[in-house]
Amino acid sequence: MQKKIAVIYTGEVRTIETTIKYFRENVLINNHFHVFATLQSNNIAYFDQFVKDNLGDHLKSIVWLDKNDETWISMREELINKMVNVTDRWKDYLKTSGSMIE
């Protein structure tokens, strides 16, 4: 039985149209790879189909994250409030960057 390798694909899709070919060429080199994606975009309808078309059967799950979603904001705030030894400057950065989503 062949082992499967899970690939976590995360982030804002702002450069995906130019980088997806490298992902396919260098990561999805055979059928051993399963891709689980958590992505963010202002144009989910377009990019959802784009990702599905480009990753094909490798894509096992895709979740679209809206950084303005109340559930996400609540979870983000809870995580940040639990952080110790992290300055307010870094906490503010985490609130506005995509780092926590990734």
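**Strand order, crossovers and aromatic pairs in a predicted model**

Glutamine 2 is placed in the segment that precedes strand E1, where helices (H or I, at least four residues) and strands (E, at least two) are DSSP runs numbered from the N terminus. The model is a predicted one, in which local features need pLDDT of at least 70 and side-chain atom pairs count only at pLDDT 80 or more, while totals for chains, interfaces and linings use all residues. Residues are numbered from 1 along each chain as its sequence is written, and side-chain values use heavy atoms, with hydrogens and water left out. At 55% relative accessibility, glutamine 2 counts as exposed, given that buried means under 20% relative accessible area, exposed over 50%, and partly exposed in between (1.4 Å probe, protein chains only). Although glutamine 2 and histidine 32 are 30 residues apart in sequence, their C-alpha atoms are 7.3 Å apart in space.

The strands form an open sheet of three, in the order E1-E2-E3 and with parallel pairing; two strands are taken to pair if DSSP finds at least two bridges between them. E1 and strand E3 (59-64) stand at the edges with a single partner strand each, so one side of each is left without a neighbour in the sheet. On average, and with direction ignored, neighbouring strands of this sheet are turned by 15° against each other, where axes are lines fitted to C-alpha atoms, for helices over the stretch in contact, and angles run from 0 to 180 degrees between N-to-C directions.

Between E1 and strand E2 (residues 33-40) the parallel pairing extends over eight bridges, and threonine 10 has threonine 38 in E2 as its bridge partner. From E1 the chain crosses through H1 to E2, and this β-α-β crossover is right-handed, a term used if, with the strands pointing away from the viewer, the path from the first strand over the helix to the second runs clockwise. E2 and E3, which run parallel, are joined by five bridges. In this pairing, alanine 37 has isoleucine 62 in E3 as its bridge partner, and valine 35 is bridged to leucine 59 in E3. A right-handed β-α-β unit is also made by E2, H2 and E3. H2 lies across E1, E2 and E3, and runs at about 165° to E3.

Five aromatic pairs are held in the structure, with rings of Phe, Tyr and Trp (its six-membered ring) taken to pair if their centres lie within 6.5 Å, and with planes under 30 degrees apart counted as stacked, over 60 as edge-to-face and the rest as tilted. One of them is the stacked pair of tyrosine 9 and phenylalanine 23, at 4.4 Å centre to centre and with 25° between the planes. Since tyrosine 9 lies in strand E1 (residues 5-12) and phenylalanine 23 in helix H1 (residues 16-26), the pair ties together parts that are 14 residues apart in sequence. Tyrosine 9 and phenylalanine 23 are both buried. The rings of tyrosine 46 and phenylalanine 50 are likewise stacked, because their centres are 6.0 Å apart and their planes are at 25°. Tyrosine 46 and phenylalanine 50 are four residues apart in helix H2, and are therefore separated by about one helical turn. Tyrosine 46 counts as partly exposed at 38% relative accessibility, whereas phenylalanine 50 counts as buried at 15%. Tyr46, Phe47 and Phe50 form one aromatic cluster.

Helix H2 (residues 44-55) also contains asparagine 54, whose side chain reaches the backbone oxygen of phenylalanine 50 at 2.9 Å. When residues up to four places away in sequence are not counted, asparagine 54 touches Ile20 and Arg24, a contact meaning heavy atoms within 4.5 Å.

Phi of asparagine 85 is near 60°, a positive value in a residue other than glycine. Methionine 100, in the segment after helix H4 (88-96), is by contrast buried, with a relative accessible area of 19%. Apart from residues up to four places away in sequence, methionine 100 touches Trp72, Arg76, Leu79, Ile80, Met83 and Leu94. The C-alpha atoms of methionine 100 and valine 35, which are 65 residues apart along the chain, are separated by 20 Å.

Methods: A polar contact is a pair of N or O atoms within 3.5 Å; within protein, one must be able to donate a hydrogen and the other to accept it, and residues adjacent in sequence count only if both atoms are side-chain atoms.
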